[in-house]
Amino acid sequence: MELLELRDVCKTYHLGEMDLQVLKGVTLSVAAGELVALMGASGSGKSTLMNILGCLDRPSSGEYWLDGQEISGASANERARLRNRLIGFVFQSFNLLARTSALDNVCMPLTYGTEYIHEHEMREHGTEMLRKVGLAERMHHQPSQLSGGQQQRVAIARSLINRPRLLLADEPTGNLDSRTSEEILRMFRDLNEKEGLTIVLVTHDPEVAQHANRTIRIRDGLIAHGVETRAEDAHK
Amino acid sequence: MRALRRNVMRAALTTLGIVIGVAAVIAMMEIGNGSALAIQHTIATMGAYNLMIFPGNALLAGISTGTGGSMMLTPGDAEAILTDCQSVTAAAPVVWARAQAVYNNLNWQPGNLLGTTPSFLDVRDWSDMAQGNAFTDRDVRNCSKVCVIGKTIVRMLFQDEPPVGKEIRLMNVNFKVVGVLKAKGANMMGSDQDDIILAPWTTIKYRVSAVSSTATTSTTTSTASILPSQVYPAAQASPYPVPSASQQSDTPQPVRFANVNQIVVSARSAGEVQSAIEEITALLRERHHVQPGMPEDFTIRDMTEMVRTMSSTTELMTTLLLIVAAISLVVGGVGIMNIMLVSVTERTREIGLRMAVGAQSADILHQFLMEAIVLCLIGGAVGIGLGRATSVLVRLIKHWPTVVSLGAIVVAVAVSALVGVLFGFYPAWKASRLDPIDALRYE
């Protein structure tokens with residue numbers, strides 16, 4: 001079953017008089033349980049595509065089916081609800097709240113959920129997530145007291161707390177050294193294999209893309225064909 | 001709420017505006033109200049709340065005797081006014097007399113020789129004595145020969161001597177000086193208010209006035225067994241022959257007219273002067289059995305001019321305070337808005353993140369608005385404390401009068417919450433309009 005499906009998606013930015021077409025008819029689909037890498041050089045439309053996939057932005061034309069719903073016309077509030085329920089985000093710069101404990105950071109998305117959750121239940125749930133990423137004993141530490149890898153693990157715990165269908169990771173290892181990168185990527189693989197979580201890794205690093213079972217390349221606002229392998233990576 | 005705790009310094013600075021605003025309002029209100037009260041008190045000392053009741057005009061065979069002609073006003077009226085009229089704080093009967101005051105080889109004609117009760121000092125706000133004490137109600141009952149004198153009398157009769165305990169002579173009656181009044185200076189019309197001798201009205205009426213008008217009236221009551229006129233020769237010779245004992249028993253003299261020349265009354269406040277007049281009128285009409293529709297046998301005068309001065313002063317003070325308070329609160333509010341705007345900019349990434357994980361713009365609006373309101377309320381609370389402390393400090397150090405103003409506290413809290421909403425709304429709205437993509441990428 002396809003978890004997400006894009007059909008002929010275009011995105012045009014209006015910069016004053018000039019129209020800038022960033023996505024020129026992207027069609028792609030990702031099945032539930034896949035670990036996909038989305039690659040592309042800067043300026044290729046990679047970020048725009050990721051924003052559309054993450055429901056942060058909406059396409060100018062085309063269809064976007066997420067979990068069986070067509071959401072290209074959803075309003076800002078509807079998209080906020082979708083993000084909260086279906087999508088987890090992991091960012092390059094972690095984006096943790098400063099001077100806030102790891103536990104509170106992890107629990108933060110729960111406060112924007114549709115149903116009311118008791119404070120106590122929230123904390124329990126958050127602790128469980130931190131345990132999953134191996135930081136249970138650090139849950140009262142603030143981000144400044146954690147290493148980069150630990151911070152990213154907190155961010156992953158945060159992205160998982162609402163049990164999303166899709167995890168969108170935007171250059172998750174961009175700010176980490178190679179050894180911690182390896183750890184984080186292994187965590188993604190585990191989540192994908194053991195829990196069947198669908199993950200889209202946005203990256204420009206072929207090393208990272210190697211961990212995915214499939215690589216989607218984007219070039220000049222279009223999907224570059226020749227999907228599956230690593231042989232073509234050399235010229236990037 | 002956690003966001004506030006995360007950045008205590010910024011929150012404190014933000015709140016500072018409101019703290020100062022509210023503190024200024026409270027301190028200004030308390031000190032200002034105290035000053036207004038002090039000014040009112042000063043004007044009251046000048047007699048602005050005073051009412052004077054004179055006996056009315058009596059028509060004798062079509063000829064008016066002018067104000068003071070009838071003899072209807074009694075000390076009983078003064079007591080009844082004090083007990084029955086709600087708007088009255090003090091009332092005293094006054095008997096006028098005129099006599100030369102003599103001490104040793106010095107003499108002086110006092111401008112005012114008044115027989116009254118100790119309440120007179122309350123009416124005129126004169127209770128604090130410079131030396132000695134006032135005479136008492138007991139002195140009034142006993143017709144005691146005691147008096148209280150003004151500064152001018154002291155200067156004229158005693159010069160450098162301490163007057164308390166000495167005796168002065170009025171119409172050949174010796175009065176012991178029991179107290180000296182504080183200097184009051186001239187009144188609004190320019191006459192010297194310190195040129196005054198106060199004595200129990202009974203003493204003045206029956207021992208001084210009685211001597212001059214009905215010099216030989218011998219049938220007095222138990223209080224005065226020997227009239228001074230029997231001890232000393234009368235000041236002026238009687239033009240009539242002295243009646244014999246049988247003549248006297250044939251024509252018994254009416255004894256002890258208890259009429260007074262004037263009753264002075266003090267109203268509770270400037271606003272209650274009018275109601276005091278109405279109450280006194282109703283009471284005295286009843287006591288004097290004045291039929292409905294008939295003219296009153298007394299007249300009441302008030303100090304309209306002074307009352308007007310006072311109410312305009314009070315109004316001016318209130319307006320001044322309100323303006324100062326409003327300005328402080330607006331300044332505080334703008335301070336809050338400024339820092340909230342800075343805070344929105346500074347926290348753009350946080351807002352982006354919150355939106356990415358599912359916060360709707362209403363959630364962001366709510367969050368920032370709540371922060372602003374909480375800051376304002378905390379600021380309000382701290383401000384109240386600071387304001388109270390300031391006014392207490394001013395009272396302790398400068399000895400200025402202050403008045404705790406509950407109204408100011410309520411208004412300050414209400415306004416600080418309102419300022420929070422008003423000035424917090426724009427930054428909060430701005431935060432909620434942010435695009436999550438731009439916000440996340442914001443450096």
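Student: What share of the 236 residues of chain A count as buried?

Tutor: Glad you asked! Keep in mind that this is a predicted model. In chain A, 43% of the 236 residues count as buried. Chain A also holds seven helices and 10 strands.

Student: Which residues touch the most other members of the largest nonpolar core?

Tutor: Six stand out, from both chains: A:Leu38, A:Val200, A:Leu201, B:Val25, B:Ile26 and B:Ile336. That core counts 110 residues. Its top contributor is helix α2 of chain B (residues 8-45), which supplies 13 residues. Apart from this core lies another one, with 66 residues, including B:Phe175 and B:Trp201.

Student: With neighbours within four places in sequence left aside, what is A:Val200 in contact with?

Tutor: A:Val200 meets A:Val30, A:Val36, A:Leu38, A:Leu53, A:Leu166 and A:Leu168. For chain A as a whole, take the contacts with a separation of 6 or more: 69% of them join residues 24 or more positions apart.

Student: Now for helix packing. How are two packed helices described?

Tutor: By two values, the angle between their axes and the distance between the axes.

Student: Is the crossing of α13(B) and α14(B) left-handed or right-handed?

Tutor: The crossing of α13(B) and α14(B) is right-handed.

Note on methods: Residues are numbered from 1 along each chain as its sequence is written. Chains are lettered from A and ligands numbered from 1 in the order in which they are written. This is a predicted model: local features need pLDDT of at least 70, side-chain atom pairs count only at pLDDT 80 or more; totals for chains, interfaces and linings use all residues. Helices (H or I, at least four residues) and strands (E, at least two) are DSSP runs, numbered from the N terminus. A residue is buried if 20 or more other C-beta atoms lie within 10 Å of its own, exposed if 12 or fewer, and partly exposed in between; C-beta atoms are placed from the backbone. Two residues are in contact if their C-beta atoms, placed from the backbone, lie within 7 Å. A crossing is left-handed if the near helix is turned anticlockwise from the far one by less than a right angle, and right-handed if clockwise. A nonpolar core is a set of buried Ala, Val, Leu, Ile, Met, Phe, Trp, Tyr and Cys residues joined through C-beta atoms within 7 Å.
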